[in-house]
Amino acid sequence: MHHWQEHGIDLFEGEPHFIDEDSIVIEGHEISAHQFLIASGQIPRPLDIPGGDAAITSNDVFDLEVLPQHVIIVGAGYIAFEFAHILRRFGCDVTLLVRSRALKPFDRKVVKRLVDETIQIGIDVRYGIEPVDINGDVVTLSDDSTLVGLVLNATGRIPSIERLRLDAAGIESDHGGVLVNEFLQTTNPNVYAAGDVAKSRNPALTPFAGQEGRIAALNLLRNNTRPLPERPAPTVVFTTPPIAKVGLTVDEAKAQGIDYECKDNDLSHFLTYERINDTTAFSRILLSKDGHVLGAHLIGQHAPELINLFSFIIQNNMTHQHVKHLEFAYPTSASDVSFLI
């Protein structure tokens, strides 16, 4: 508290809500202001089945005092796969319930390699099945079978706006969050929203929340001088091995009618991966007809760092000819890049 006060900041803890276009109430205090910034993030999506409240979320996992023998994970996104791998390596039996497709934003071939590895390490992956009832530690599934264990709800997150009473301030929202323009300004011009709660073109990922916070602050202070940049979004699923992507997938390129070339490489026999026995390593790079990188999709131990390099290549509009003339330290994962495109 002392740190905030040193900078002339008043800190109120509680659940605020709007009462009109320029006022909120929090814990009995009414506060009026010329401008507001909403940065309330997201909360886990409730598991809407009988007994669904018994399921834990990713917020609770690290507070467990005892590791459960069996964990049933509901979901097929980042959190579901990351915690499946963590808990399995801690020694838990893990069942992963995938309602439709696993890791939808990612390339299908990369995801298949990850799912194969997920099964290989002993995780029971079940497709087209979801829980319909939780009674104590007994979980009834949609195929009428039952499992016994602790349920981890990883069905996604939703914007934390339910209690803000946005309507009172003339702020529009939908299931994707608070509606904002390119300056992160809401339908109430005196209110901005940034981060996961804002329905911007950025994904709900930590680096973009920080970026949006800085942009919103500038626009609050300088009257909308900084629009949200259009940049590709590198993203990683931190499983073992991790997968990563930036730019377009094959499905997206097809849907947009983009003429592209797809270069696939099994990297497991590259020295970079052979020396660490990474048998899953693989890359899929999409190139335009004039040689620009449209998308990069990776699996392997070096994927998280390599995807940053591909993001840099895309952001700087570099062609494969530019990249092939770059020099990198050898032997490093970066030194392989010129062979991937």
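This tour moves from the whole chain to its salt bridges, a surface patch and a cavity.

The model is predicted, so local features need pLDDT of at least 70 and side-chain atom pairs count only at pLDDT 80 or more, while totals for chains, interfaces and linings use all residues. Residues are numbered from 1 along each chain as its sequence is written, and side-chain values use heavy atoms, with hydrogens and water left out.

**The whole chain**

Display the chain as a cartoon. Its secondary structure comprises 9 helices and 22 strands; these are DSSP runs numbered from the N terminus, with helices (H or I) of at least four residues and strands (E) of at least two. The C-alpha atoms fill a box of roughly 65 × 55 × 45 Å along the principal axes. Of the 341 residues, 46% count as buried (under 20% relative accessible area; exposed is over 50%, partly exposed in between, with a 1.4 Å probe and protein chains only).

**Salt bridges**

The whole structure holds 9 salt bridges, each a side-chain nitrogen of Lys or Arg within 4 Å of a carboxyl oxygen of Asp or Glu.

Select Glu-15 and Arg-163, whose closest N and O atoms are 2.7 Å apart. Glu-15 lies in the loop between helix 1 and strand 1, and Arg-163 in the loop between strand 13 and strand 14, so the pair ties together parts 148 residues apart in sequence.

Next, select Asp-264 and Arg-284, a salt bridge with its closest N and O atoms 2.8 Å apart. Asp-264 lies in strand 20 and Arg-284 in strand 21. Is Arg-284 buried or exposed? Arg-284 is buried, at 13% relative accessible area.

**A surface patch**

Select Phe-62, Leu-67, Ile-86 and Phe-90, a nonpolar surface patch with about 430 Å² of accessible area together. Patch residues have over 30% relative accessible area and no salt bridge; like charges are joined within 9 Å, and nonpolar side chains (Val, Leu, Ile, Met, Phe, Trp, Tyr) within 5 Å. Areas come from the Shrake-Rupley method with a 1.4 Å probe. Phe-62 sits in the loop between strand 5 and strand 6.

**A cavity**

Finally, select Pro-44, Thr-57, Ser-58 and Ile-79, which are among the residues lining the largest cavity. Its volume is about 60 Å³, the space filled by probe spheres set on the grid points, which are joined across faces, edges and corners. A cavity is a set of points on a 1 Å grid over the protein atoms alone where a 1.4 Å probe fits but cannot get out; lining residues have an atom within 4 Å of a point.

Conventions:
1 Å grid on protein atoms, 1.4 Å probe; cavity = no way out; pocket = protein on both sides within 12 Å on 5 of 7 lines; lining within 4 Å.
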